[in-house]
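Please have the structure open as you read.

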Amino acid sequence: MSRQAQKRAAGAPLALYVILGLCLIPELALMGADKGLWGTSLWRNLVYQYGAFWPGLLDNWRANYPLQSLTMFLSYGFLHAGVWHFGLNMMTLFSLGTPLANDFGQGRFLALYAAAIFGGALGYALLGQGSQPMVGASGALFGLAAAFIRRDWRAAPEGKAVQALFLPILGLIALNVLMYWTMGGRLAWQTHLGGFIAGWMAAVFLAPPARSD
């Protein structure tokens with residue numbers, strides 16, 4: 001069995017469980033507080049105040065702590081809006097992240113993930129309107145999707161490259177349109193776009209060289 005096949009057979013790498021844990025711990029604490037098992041139902045709003053991405057902090061809002069206007073570019077990606085939001089994002093993380101982490105290596109995969117989180121926040125900062133906070137791992141996940149599409153596009157046989165590139169991108173656009181409609185416009189598509197662009201750019205530098213048979 002080749003080294004590449006052994007990596008695929010090994011299952012989800014440790015890096016994915018690290019990301020899962022960083023998202024799971026705050027969501028478990030907030031779910032318990034929401035249900036009255038501990039703390040107070042105000043915990044979720046309080047955590048959002050300190051960890052969500054707030055566009056106003058880039059303007060003239062007063063931060064809750066020093067450097068919040070910088071740390072929120074990463075912290076928002078480990079908070080979620082509830083169990084369904086969390087669960088869907090984590091399933092997507094393992095679906096996209098397992099083959100990518102096996103291909104990239106765990107260190108480069110984590111660098112890709114961090115770049116996509118930052119790019120998602122930057123997209124929301126540049127294109128978002130209003131003052132609503134933003135949380136969730138979807139910016140990073142769209143970055144993983146970009147790296148996944150780029151990988152398959154580069155590996156596509158001659159004559160199939162255009163199809164391998166544009167069909168998945170059109171699918172992501174359609175998915176965003178559908179979610180935007182079903183969620184009544186409460187979709188941070190700017191984060192998805194920023195994460196996708198950042199993930200693609202990061203993959204250019206982080207992806208391992210193609211192997212020949």
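**From an aromatic pair to the core**

F53 and Y76 are both buried, where buried means under 20% relative accessible area, exposed over 50% and partly exposed in between, computed with a 1.4 Å probe on protein chains only. Before going further, please keep in mind that this is a predicted model, in which local features need pLDDT of at least 70 and side-chain atom pairs count only at pLDDT 80 or more, while totals for chains, interfaces and linings use all residues. Residues are numbered from 1 along each chain as its sequence is written, and side-chain values use heavy atoms, with hydrogens and water left out.

Now to the rings themselves. The structure holds ten aromatic pairs; rings of Phe, Tyr and Trp (its six-membered ring) pair if their centres lie within 6.5 Å, and planes under 30 degrees apart count as stacked, over 60 as edge-to-face and the rest as tilted. One of these pairs is Y17 with F94, edge-to-face at 5.2 Å centre to centre and 70° between the planes. Y17 sits in helix α2 and F94 in helix α5, 77 residues apart. Helices are DSSP runs of H or I with at least four residues, numbered from the N terminus. With 46% relative accessibility, Y17 counts as partly exposed. The rings of F53 and Y76 have centres 6.3 Å apart and planes at 75°, so this pair is edge-to-face too. F53 comes from the loop between α3 and α4, and Y76 from the loop between α4 and α5, so the pair ties together parts 23 residues apart in sequence. F53, F73, Y76, F118 and Y124 form one aromatic cluster.

What else does F53 touch, leaving aside residues up to four places away in sequence? Its contacts (heavy atoms within 4.5 Å) include L58, M72, A121, P133 and M134. M72 and F73 bring us to helix α4 (residues 68–75), where they are buried along with Q68. Seen down the axis of α4, the buried residues fall within an arc of 155° (taken from the directions from the helix axis to the C-beta atoms), so they line one face of the helix. Among the elements covering them are α3 (43–51) and α6 (106–127).

F53 also belongs to the largest nonpolar core, a set of 44 residues in which F53, L93, F104, F109, L112, Y113 and L144 touch the most other members. Such a core is a set of buried Ala, Val, Leu, Ile, Met, Phe, Trp, Tyr and Cys residues joined through side-chain atoms within 4.5 Å. Helix α7 gives the most to this core, with eight residues.

**The charged side chains**

Four salt bridges turn up in a search of the whole structure, each being a side-chain nitrogen of Lys or Arg within 4 Å of a carboxyl oxygen of Asp or Glu. R44 bonds to E27, with the closest N and O atoms 2.9 Å apart, and R44 also meets D34 at 2.8 Å, N to O. D34 lies in helix α2 and R44 in helix α3, so this pair ties together parts ten residues apart in sequence. E27 is buried at 1% relative accessibility, R44 is buried at 10%, and D34 is partly exposed at 39%.

R151 and D152 form another salt bridge (3.4 Å, N to O). Here R151 is partly exposed, at 25%, as is D152, at 33%.

Terms used. Helix = DSSP H or I, 4+ residues; strand = E, 2+ residues; numbered from the N terminus.
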